[in-house]
Amino acid sequence: MTSSSLVNEELQPTPTPSQPRPVSGLAAVGLVLAVIGIAMTVTAALRLRDYNDNGVISTILGIIFVVCSLYPLWPTFRAFQHGARRTALLKDDQLVPARRVAAAGREEAQIAMGYAAGVVILSGILLAAFANDGGVAHTFFTADAWRQSFPEMIRAFWTNIWVAVVAQVLVLIFGLLLAIMRMLPGRAGAPLRMVALVYCDIFRAIPAIVTILLIVFGTPLAFPTTAKWDPVWLGIVALTMTYSAYVAEVYRAGLASIHPSQSAAARSLGLSYTQTLRTVLVPQAVRRVIPPLLNDFISLQKDTALLSTAAIAEVVLTSSLWQSQLFNLSPVTLAAAFFIIITIPQARFVDYLIDRDAARRAGK
Amino acid sequence: MAFLEIDNVHKSYGRHEVLKGVSLNVERHEVVCLIGASGSGKSTLLRCVNALEEIQEGTIRIEGDTVTGAGVDLNALRRDVGIVFQSYNLFPHMSVLENVMLAPIRVAGVSKSEARERAMKLLDSVGMEDKAPSYPDMLSGGQQQRVAIVRALAMQPRVMLLDEITAALDPELVGDVLEIVRELAHGGLTMLLATHEMGFAKEVASQVCFLDAGQILERGPAEQIFEEPREPRTQQFLSRVVKSGRL
């Protein structure tokens, strides 16, 4: 066959094989890091034991920490072994096996470095907790302060939880209404579109704490009949007003992300604009915006703490009362722990929902 | 008076004129194929008939009823005119059965049990009854397109518009879908279809229209258009189709 212009007949020369990459240097770095980590862990374990007056639990914990910190030595050792084999194979002129061994050795050295770095960071945190002769631990992590404040704290935290749940339900509804208002078609929809736009702009601009102060303190003054109401409800109103503006934006982004062909298909079947929204667009949009919605919900949960500025007895106000009484910040740390404990399971739950929805649609 | 009358329709997107005065009559039980290059306005014409696009000039009438312009009950029009899209456009959050039952229940006011019965019968006729509880993402393109056809048929339309419904399918799945369309044609359903399947157009079309740059350049019976096209643009288009092995 004659040569065509599309095919080049000149062959490339065979490239010369490359040398195996070095191993021992990396392994040495791993070793240094591992030793630093072990030294730090031993120091931290000793501090932990001293701080707890040689208590049994703290001694056992310290031993466990030190044993764990020894782990990076093993991949370091393996890396050095591989390095030695690499040298031997190279002397034998076995290039390809030498390259393989070198690659495996570098992998081991990198594992050692990764784990040693982890040990350094964790033991560093532990050391920081016992810094200043246990001053840090005493200020933030005093078990006795936790014990004293716990019953009152958990009761106060219940307020945060139900305020958040009620506000979230209201935000879901009100936010969707705002989002739909912003998407109303035609001239007839123009005034409502404008109202929704202005609402979202204003309430995203005002700091949540300002809205809370205005609503909770202002409403009883403006309408004396509401003075007997529980201020918590006004707090819920304020949070709902603020967060609806954010959630409306999330919904709107979700609705806008549905391909126009979905709307065309629904309309072509004779469904009205409202029916299309309700049966086709909103259900798909809601599924898509669950992760960003959860983000806003976690913010909302945390912002229930702002109700403390309006003298509502939620967990942060309670913790700061205990803090001034005990002259110790451990109750505030406890409040932080409460928020962490309720937030993380929600994040995992939403991950689960997303996975389940994807799996169902893919037929698994 | 023809069943579907398209009279001097103009459509533009901003400055860009896509349809430049298209006129076309479709008689009852007739199957009209629109052929032409991409961008010639085939899809736009179909979308205009279903009022998914607004037209700037001209009128479209179904059985003498003007269905374009102000004061038209679009939802009523769309009940009579079904459309199937190239990209299926099934609702991904609903099962196959729910996709088919949605419009009969919400729009036609059919009872749930009757809608279910009719949907199952239709799915059965295209060999999809066992997929009724499945979701669209679990189906192949050909299966999705069969469901889309059934979804449109469930509203018992008087005209079906098919917009290049096999263009997105793998070659071996095209046959199943075309078989259904063939059956609909033999059953006497009035259809207006844009297609690149020339062989199929030749077989089912009672009239073939060649669109070029927003106008119907040539129209006539399938044999005439494919065997002895008069216009040079039609000849050029068809010779390219032959070269690509599609005819």
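Tutor: Helices (H or I, at least four residues) and strands (E, at least two) are DSSP runs, numbered from the N terminus. Two strands pair if DSSP finds at least two bridges between them. This is a predicted model: local features need pLDDT of at least 70, side-chain atom pairs count only at pLDDT 80 or more, and totals for chains, interfaces and linings use all residues. Residues are numbered from 1 along each chain as its sequence is written, and chains are lettered from A and ligands numbered from 1 in the order in which they are written.

Look at strand β9 of chain B, residues 207-212. On one side, β9(B) pairs with β3(B), residues 31-35. That pairing is parallel and has four bridges. Within it, Leu34(B) has Cys209(B) as its bridge partner. β9(B) also pairs with β10(B), residues 215-220. Here the sense is antiparallel, over five bridges. Cys209(B) faces Arg219(B) in this second pairing. β9(B) and β10(B) make a hairpin, with two residues between them. In the turn, Ala213(B) has a positive phi of about 50°.

Now to contacts, meaning C-beta atoms, placed from the backbone, within 7 Å. Take Leu161(B). Beyond its neighbours within four places in sequence, Leu161(B) touches Leu46(B), Val49(B), Asn50(B), Val81(B), Gly82(B), Ile83(B) and Leu192(B).

Between the chains, 20 residues of chain A are in contact with 21 residues of chain B. On chain A, α10 (260-268), α11 (273-303) and α13 (330-362) each supply at least two residues of the side that touches chain B.

Definitions and conventions. Contact = placed C-beta atoms within 7 Å.
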